[in-house]
Amino acid sequence: MAGPGPGLVLVLAGLWARGAAGGEVVAGRPGALEEEIVSEKAAEESHRQDSANLLVFILLLTLTILTIWLFKHRRARFLHETGLAMIYGVLVGVVLRYGIHVPSDVNNVTLSCQVQTSPATLLVTFDPEVFFNILLPPIIFYAGYSLKRRHFFRNLGSILAYAFLGTAISCLVIGSVVYGCVALMKVTGQLGGDFYFTDCLLFGAIVSATDPVTVLAIFHELQVDVELYALLFGESVLNDAVAIVLSSSIVAYQPAGDNSHTFDVTAMFKSIGIFLGIFSGSFAMGAATGVVTALISFLLFTKLREFPLLETGLFFLMSWSTFLLAEACGFTGVVAVLFCGITQAHYTYNNLSTESQHRTKQLFELLNFLAENFIFSYMGLALFTFQNHVFNPTFVVGAFLAIFLGRAANIYPLSFLLNLGRRNKIGTNLQHMMMFAGLRGAMAFALAIRDTATYARQMMFSTTLLIVFFTVWVFGGGTTAMLSCLNIRVGVDADQENVGVPESERRSTKAESAWLFRMWYNFDHNYLKPLLTHSGPPLTTTLPGCCGPIARCLTSPQAYENQEQLKDDDSDLILNDGDISLTYGDSTVNTDSVASSGTSRRFVGNSSEDALDRELAFGDHELVIRGTRLVLPMDDSEPPSNVLDNARHGPA
């Protein structure tokens, strides 16, 4: 038999030499091999614990979804899906806390790295930054992306007042009341650590973040008064952004000197400047990235329409990158992604293919649903598995009293002042409902859990949990009964809300309520929409004649194809009180032969309002009849059926 070849001999010699060298190392360090084995076991155990973490929450979400289906099937509205998620989280937390046997050798390093209490802690512990970087962005983006712009912008002034002034008032009131409770606790000897006025203000900023997701879901299902829905939804969307920046500004409060908790005018104005700088910078970055993505979609998505998967993926990545870009630049990503979502819905959405429009809506709705219920499930678990809870009855009672007083100081005085300038008044029953609907939720929890290092922060976190549980379960469950008690309209169709209202009153209400939005609407419709989307009038018709070459270069071919669509004052086609104008090329024929010049002047003055109302709603219905484009605007009611029939079956 032939012996081994020279190549095999060399390989075996190399392996022998490597083993000998390794033996010398092990001989020099007897514990090296054992440490490596322990490290591998620790890594494997950590992987198993991470899998168990996700499995627990997936099971919770699955159970929540099945129960939601049962509730919807039975038409039960006394408990929302978020309340269900919290209940299941509490039940699992009780089992993990008291139902799992803790072995005597729990500190054995082979189980996990630095295990100090029980396996239950490992099953529910997440880095608080996970909430801000992964779970909150889709929730906030979906709020902006699904915004009903028509009703939002009609009430923009009131929404801004509630969101900015109201949140600041609520923060000050809550902070002052809580500071009084802390002083009482200090006198009675119940305070177990430092609790400064800045901590009280921080707590006020945290619990001022309203999250009426339960109430809004019931509002949507019952089709509650659209004004109430718009005010409450708009306030909650902007309120979260204001609360985040406000809490960051309070944390940044640093007076000169050794004592960092004394009042200092310079430090106060510095914090105010930080608030204004961060919010305005985040707003500008979100809007700018939204415009940039719209421009990219304008240039590229036309070529990607044949591949909806790539189109949707690119849209998703550009949207998420807004949050990360803002955080990397030192701004607030939640604020940036909110305004990016609003901008995306206004511009980028129009550049997507029909399939991608449906996909993006469904994608972000799904992410919002899962992230929201994940957070509420975690709240239930944290009530029993968080190891550093500090519950003080005096502080808890004072906190509940403070949030009610803060909400009342927000809603009622501001509503009184706003009604002085509103034609469509905010009724007393609507004010009571807004007061009742000031629930706390995911945002307050995420802000509270972000820092639990000190005694004050631990007490604030524990109390915030109780506030969220109480408001979601009690106020959320009592929404239907409160609507009935306050005699608030339900079953209101948002598109038929103004049917039967005199035309003069409808137009005055539009002009009054959307005045802030109208300041930039004409610029947006004439220049930004044609530049960033394929809709709107061509730039060749809106820019001066000297800019003709640039206008032709920047205008898309689709804009020329759609130039007959309804525009502002120079509308080609209109359906207004029986007047129908048909456009044949450059010639316009009015079908109403008895229309007076006064009627024409009235139309010219009001067409901008009609165009704005339609654009903020659902757009126009178009019928193409033998080369003639007839636009039937979707204003406040559907066009008469006889007009549609005549258009379809007109003479040849």
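Visitor: Are Phe 436 and Phe 475 buried or exposed?

Guide: Both Phe 436 and Phe 475 are buried. Buried means under 20% relative accessible area, exposed means over 50%, and partly exposed lies in between, using a 1.4 Å probe and protein chains only. A word on the source: this is a predicted model, where local features need pLDDT of at least 70, side-chain atom pairs count only at pLDDT 80 or more, and totals for chains, interfaces and linings use all residues. Residues are numbered from 1 along each chain as its sequence is written, and side-chain values use heavy atoms, with hydrogens and water left out.

Visitor: How do I read a pair of aromatic rings?

Guide: A ring pair is described by the distance of the centres and the angle of the planes. Rings of Phe, Tyr and Trp (its six-membered ring) pair if their centres lie within 6.5 Å; planes under 30 degrees apart count as stacked, over 60 as edge-to-face and the rest as tilted. The whole structure has 27 aromatic pairs. Take Phe 316 and Phe 364: their ring centres are 5.8 Å apart and their planes are at 35°, so the pair is tilted.

Visitor: Where do Phe 316 and Phe 364 lie?

Guide: Phe 316 lies in helix α12 (residues 308-328) and Phe 364 in helix α14. The pair ties together parts that are 48 residues apart in sequence. Helices (H or I, at least four residues) and strands (E, at least two) are DSSP runs, numbered from the N terminus. Phe 316 is partly exposed, at 21% relative accessibility. Phe 364 is buried, with a relative accessible area of 3%.

Visitor: What about the rings of Phe 436 and Phe 475?

Guide: Their centres are 4.8 Å apart and their planes are at 45°, so this pair is tilted. Phe 436 sits in helix α16 and Phe 475 in helix α18, 39 residues apart.

Visitor: Which residues do ring pairs link into a cluster?

Guide: The cluster holds Phe 141, Tyr 145, Phe 315, Phe 316, Trp 320, Tyr 349 and Phe 364.

Visitor: How many salt bridges does the structure hold?

Guide: First, the rule. A salt bridge is a side-chain nitrogen of Lys or Arg within 4 Å of a carboxyl oxygen of Asp or Glu. The structure holds 6 salt bridges. In one of them, Arg 48 meets Glu 45, with the closest N and O atoms 3.4 Å apart. These two are 3 residues apart in helix α2 (residues 32-74), separated by about one helical turn. Arg 48 is exposed, with a relative accessible area of 53%. Glu 45 is buried, at 13%.

Visitor: Which parts does the salt bridge of Glu 227 and Arg 422 tie together?

Guide: The side chains of Glu 227 and Arg 422 meet at 3.8 Å, N to O. Glu 227 lies in helix α10 and Arg 422 in the loop between α15 (393-419) and α16, so the pair ties together parts that are 195 residues apart in sequence. Both residues are buried. Arg 407 and Glu 235 also form a salt bridge, at 2.8 Å, N to O. Arg 407 is in helix α15 and Glu 235 in helix α10, so this pair ties together parts that are 172 residues apart in sequence. Both Arg 407 and Glu 235 are buried.

Visitor: How many disulfides are there?

Guide: A disulfide is a pair of cysteine sulfur atoms within 2.5 Å. By this rule the count is 0. Look at Cys 200: the closest cysteine sulfur, in Cys 181, is 8.7 Å from its own sulfur, too far for a bond. Cys 200 is buried, at 0% relative accessibility. Cys 329 is partly exposed, at 44%.

Visitor: How many residues of helix α9 are buried?

Guide: Helix α9 (residues 213-222) has 7 of its 10 residues buried. Among them are Val 213, Leu 216 and Phe 219. The buried residues of α9 pack against α3, α10 (226-251), α14 (354-385), α16 (428-436), α18 and α19 (479-485). Contact here means heavy atoms within 4.5 Å. After α9 comes Gln 223, with a positive phi near 55°.
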